[in-house]
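Dear colleague,

Please find below the structure that I am handing over to you. A summary of what was found in it comes after the display.

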Number of protein chains: 2
Amino acid sequence: MAGSLLIAQSGGPSAVVNASLAGLIGASVEAGVFKKVLGLRHGILGALPGGHGHLDLSAFDTGRLVALADTPGAALGSCRHKLDRGERAAVINWFRHHDIHFFAYIGGNDSMQTCLQLDQAARDSGYELSVVGVPKTIDNDLLETDHCPGYGSAARFWATTAQEVSLDLAAMRGYDTVAVLECMGRNSGWLAAAATLGRSTAGGPPHIVLIPEVQVELDKLLARVEAEIRRNGSAVVVTAETVRACTGGYLAASGPEGQNGRRDAFGHPIVAGTADFLANHMGSALGVKARTVKPGTMQRAASRLVSSVDRDEAWQVGAAAARMLAEGKSGVMVTLQSEREPKYRSWCEAVSLERVAGGEKTLPASFLEVYEGGSCNFSSAFADYARPLLGGPLPEFVRLS
Amino acid sequence: MAGSLLIAQSGGPSAVVNASLAGLIGASVEAGVFKKVLGLRHGILGALPGGHGHLDLSAFDTGRLVALADTPGAALGSCRHKLDRGERAAVINWFRHHDIHFFAYIGGNDSMQTCLQLDQAARDSGYELSVVGVPKTIDNDLLETDHCPGYGSAARFWATTAQEVSLDLAAMRGYDTVAVLECMGRNSGWLAAAATLGRSTAGGPPHIVLIPEVQVELDKLLARVEAEIRRNGSAVVVTAETVRACTGGYLAASGPEGQNGRRDAFGHPIVAGTADFLANHMGSALGVKARTVKPGTMQRAASRLVSSVDRDEAWQVGAAAARMLAEGKSGVMVTLQSEREPKYRSWCEAVSLERVAGGEKTLPASFLEVYEGGSCNFSSAFADYARPLLGGPLPEFVRLS
C-alpha cells in the first residue's frame with residue numbers, strides 16, 4: 001500500500017499539541033514511505049464539503065519544527081465534530097480522491113471515536129487505510145495511557161498559578177479574603193488536583209479543592225472556608241468548572257437558561273460559572289471580599305509554562321505515530337507508558353482504538369482524600385504520579401516570617 | 001539624624017514588587033548608616049493598634065535577595081488604608097517608639113499620599129523623619145515617572161497572553177467565535193493597550209480594544225465585531241475592567257446591587273464584570289459562542305512572565321530609595337527616567353511627593369486612535385514607548401498557511 005499521509009488535529013488545543021504535529025511531520029518525512037504528507041484544516045471537517053481544505057507539509061522547513069512545537073493552539077485548526085454515517089463515506093471518498101492511505105488524528109476521546117469509525121468505514125468500502133490516533137488532552141482522561149500529552153503543561157500551569165495567586169491573596173489579607181480559581185475539567189478533577197502540587201507546606205494553599213467526582217455539601221464547605229479564614233486570614237479555593245451538589249444537579253447551572261433562568265436587560269441568559277457562584281455565595285455568606293481567577297483558554301495555551309517533559313512526550317507520540325503508520329500498524333492509538341523508579345522515564349506503545357474510544361478516566365479512589373463538605377486532598381500516590389510530568393522543579397518562592 | 005529605616009509595601013502587588021524590596025534591603029544594609037532595617041507588616045497598618053507588627057531585616061541573608069525579588073505578592077504584606085489625622089499621629093508615635101527616622105513606602109498613588117501625610121505629620125510634631133516613596137503599580141498611572149515598575153511585566157503578560165489565546169481561538173473557528181479578555185485598569189487603558197504589542201500583523205488579533213478613557217457605543221461596536229468575524233472567522237476583544245457607555249454610566253454595573261439589581265437564589269447580588277457583560281451581549285446578539293478570559297490577580301503575580309527590564313528597574317528604584325534616604329533626601333518619590341534612542345536605558349531621579357500624590361496619568365491622546373464604536377488602536381508612538389519595557393522579544397509563534 002502506497003499513498004499519502006494525512007495529519008489532522010481535533011478537540012480543544014493544548015500548549016503542546018503542535019509538538020505532536022512537529023513530531024509527526026519530522027518522522028513522517030524521515031520515514032520516506034509516504035507519497036506526500038498533508039495537513040487537514042480544522043480536523044475532519046476539512047475533508048467535508050465546504051471545509052477549509054488541506055495543505056502540503058511534505059516540504060515543511062524542518063528548521064521551523066521546533067518553533068512550531070512551541071506554538072500554542074492547534075496550528076492546522078481544530079474542530080469538534082461527530083461524523084454521521086453519510087459523512088464517513090464522504091471522508092473516505094475525499095481520501096480516495098487525494099490518495100490518502102494513512103491517517104493520523106491528534107485528539108482526545110471523541111477523536112479516537114472518529115478514528116475508529118473511519119477505520120470501519122474504510123474497511124466497509126474496501127478502501128485500504130491505516131489509522132493511528134495520537135493522544136492529546138489537558139484533561140488527562142484517556143484510557144490505556146499512563147497520562148496524556150497536554151496534561152503535564154496544564155498541570156504545571158495550575159501548580160504554579162495556584163501558588164502565585166495565593167501569595168497575592170495573602171499579601172492583601174483583610175481586603176481580599178477568598179480567591180476561587182476555576183480549572184477546566186467537566187468530568188474529572190485531574191487539573192484541579194494538579195493545583196495542589198506546588199504547596200510549600202501541608203495545610204498551605206490551595207485550602208479547598210472541588211472536583212467533578214465528589215459532590216459538594218455547601219453548608220459544610222462554607223464552615224470549612226470560614227475555619228481556613230480564621231486560621232490563615234484568607235482561603236484559596238480551586239474548583240473544577242463543573243461540580244455537583246449533594247442535593248442533586250450542578251452547583252452552578254450554566255445551561256441555555258443560565259443560572260436560575262435569569263436574563264439580563266437585553267434578554268440574554270445570565271450564565272454564571274462555578275467559580276462565580278462560589279465567590280458570590282462565600283463572599284455574601286461570610287461578609288468578605290471574594291475574587292475569581294478564570295484564565296479560561298489560557299490554561300491550555302500558556303507557552304511560557306510548558307512542561308519540558310510534556311513537550312518532549314508530545315513530540316514523541318507524534319513521531320511514534322508516523323513510525324507505526326510507516327510500519328503498517330493501524331486501528332491503534334499511541335500510548336505513553338512510564339516508570340517512575342528509580343528515575344522517571346516514558347516510552348510509546350500502541351493500544352487498540354476500541355479500548356480507548358468513548359471511554360473516560362477519572363481520578364482513581366487511591367489518589368483521593370475527601371473531607372467533610374466535599375473538599376478534596378490528594379494522596380502521595382497522586383503526587384508521585386503527577387510530579388514527574390511537571391518537567392522539573394516548580395519556582396521556589398520566599399516567604400518572610 | 002541617626003535611627004532605623006522602616007520599609008513597607010502598599011496597594012495591589014505586582015510581579016516585581018519584591019524586587020524593589022530586595023533592592024531596598026540590599027542597598028540599605030550596604031549604606032551602613034541605618035541603625036536597623038525593619039519591615040512593616042501589611043503596610044502602614046502594621047504601625048497601628050491591632051496591626052500585624054514588624055520584622056527585622058537587618059540580618060536578612062543577602063544570598064536570598066534574588067529569590068525574594070522573583071517572588072510575587074508583597075512579601076511584607078500589603079494594605080489599602082487611608083490614614084485619618086489621629087492615625088497619622090499614632091504612626092509617628094510608633095515610629096518614635098521604634099526609633100524610626102527613615103521610611104520607604106513601596107506603592108502607588110494612594111501610598112504617595114500617605115507618604116506626604118506622614119512627612120507633614122512628622123514636621124507638625126517636630127519629629128525628624130525622612131520619607132521616600134518607591135513607585136509600584138501595574139496600572140502605570142503615576143505622574144512624573146516615565147513608567148512604573150510593575151507595568152512592564154504586566155504588559156508582557158498581556159502581550160503574550162493575547163497572542164496565545166488568539167491562536168487557541170483561531171484553532172476553534174466555527175465553535176468558539178469571540179473571546180473577551182479582561183485586563184485590570186479602572187481608570188486607564190495602559191494594560192489593555194499592552195495587549196496589542198504582540199500583534200504579528202496589522203489587523204491581527206486583538207481586533208477590538210476597549211479602555212476607560214474612551215466611551216463605547218454598543219451597537220456600533222457590535223457591527224465591528226460582526227465584521228471581524230466575517231473577515232477572520234473569530235474576534236478577540238480586550239477590555240479594561242471598567243468601560244463607560246456613551247449613554248452614560250458603566251457598561252457593566254458592578255456596585256453592591258450587581259448588574260440590574262439582580263440577585264441569585266440566596267439573595268446575593270449577581271455581579272457581572274465587563275467581560276461577562278460583553279461576552280453575553282455579543283454571543284446572544286450574534287448567535288455565536290463567546291468565551292471570557294479573566295485571569296484576575298494572575299496578571300500581577302505571574303512570575304514566569306516577568307519582564308527582565310521591569311525586574312531590574314524595580315530593583316533599582318528600591319536601591320535608589322535607600323541611597324536617597326542615606327544621603328538625607330526626604331519628601332520625594334523615586335522616578336524612572338528613560339531614553340529610547342539609540343538604545344533603551346533608564347535611570348532613577350527624584351520628584352517632590354506633592355507633584356505625584358493623588359494624581360493619575362491616563363493614556364495621552366498621542367498614543368490613541370479611536371474607531372467607530374469606541375474600539376481603540378494605539379499609535380507607533382505608544383509601541384516605541386512600551387516595547388522596551390517588555391524586556392526582550394516576545395515569543396514568536398508559527399502560523400501555517
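Predicted model: local features only at pLDDT ≥ 70, side-chain atom pairs only at ≥ 80, totals over all residues.

Domains of chain A. Domain 1 of chain A comprises 4–150 + 304–355, and domain 2 comprises 156–302 + 363–390. To the contact between them, domain 1 of chain A gives 20 residues and domain 2 of chain A gives 17 residues. The C-alpha centres of these two domains of chain A are 33 Å apart.

Helices α7 and α8 of chain A. Helix α7 (residues 218–232) of chain A packs with helix α8 (residues 274–286) of chain A at an angle of about 65°, and their axes are 11 Å apart. Since angles of 65 to 115 degrees count as roughly perpendicular, α7(A) is roughly perpendicular to α8(A). The crossing of α7(A) past α8(A) is right-handed. From α7(A), the contact draws on Leu218(A), Leu221(A), Leu222(A), Val225(A), Glu226(A) and Ile229(A); from α8(A), it draws on Phe277(A), Leu278(A), His281(A), Met282(A), Ala285(A) and Leu286(A). By class, the residues of this contact are ten nonpolar, one polar and one charged.

Helices α3 and α4 of chain B. The axes of helix α3 (residues 85–97) of chain B and helix α4 (residues 109–124) of chain B cross at roughly 70° and come within 9 Å. The two helices, α3(B) and α4(B), are therefore roughly perpendicular to each other. Arg88(B), Val91(B) and Ile92(B) of α3(B) meet Gln117(B), Leu118(B), Ala121(B) and Ala122(B) of α4(B). The contact of α3(B) with α4(B) has five nonpolar residues, one polar and one charged.

Backbone of chain A. Pro205(A) and Pro206(A) are joined by a cis peptide bond, with omega about 0°; Pro206(A) is placed in the loop between α6 (190–194) and β7 (208–210) of chain A. A cis peptide bond also joins Glu341(A) and Pro342(A), where omega is about 0°. Pro342(A) is in the loop between β10 (332–339) and β11 (345–352) of chain A. Asp99(A), a residue other than glycine, has a positive phi near 60° and is in the loop between α3 (85–97) and β4 (100–107) of chain A.

With kind regards

Terms used. Residues numbered from 1 in each chain as written. Chains lettered and ligands numbered in written order. Heavy atoms only, no water. Axes fitted to C-alpha atoms, helices over the stretch in contact; angles between N-to-C directions. Helix = DSSP H or I, 4+ residues; strand = E, 2+ residues; numbered from the N terminus. Parallel < 35°, antiparallel > 145°, perpendicular 65-115°, else oblique. Left-handed = near helix turned anticlockwise from the far one by under 90°. Contact = heavy atoms within 4.5 Å. Nonpolar A, V, L, I, M, F, W, Y, C, P; charged D, E, K, R; others polar. Domains from an automatic or database assignment.
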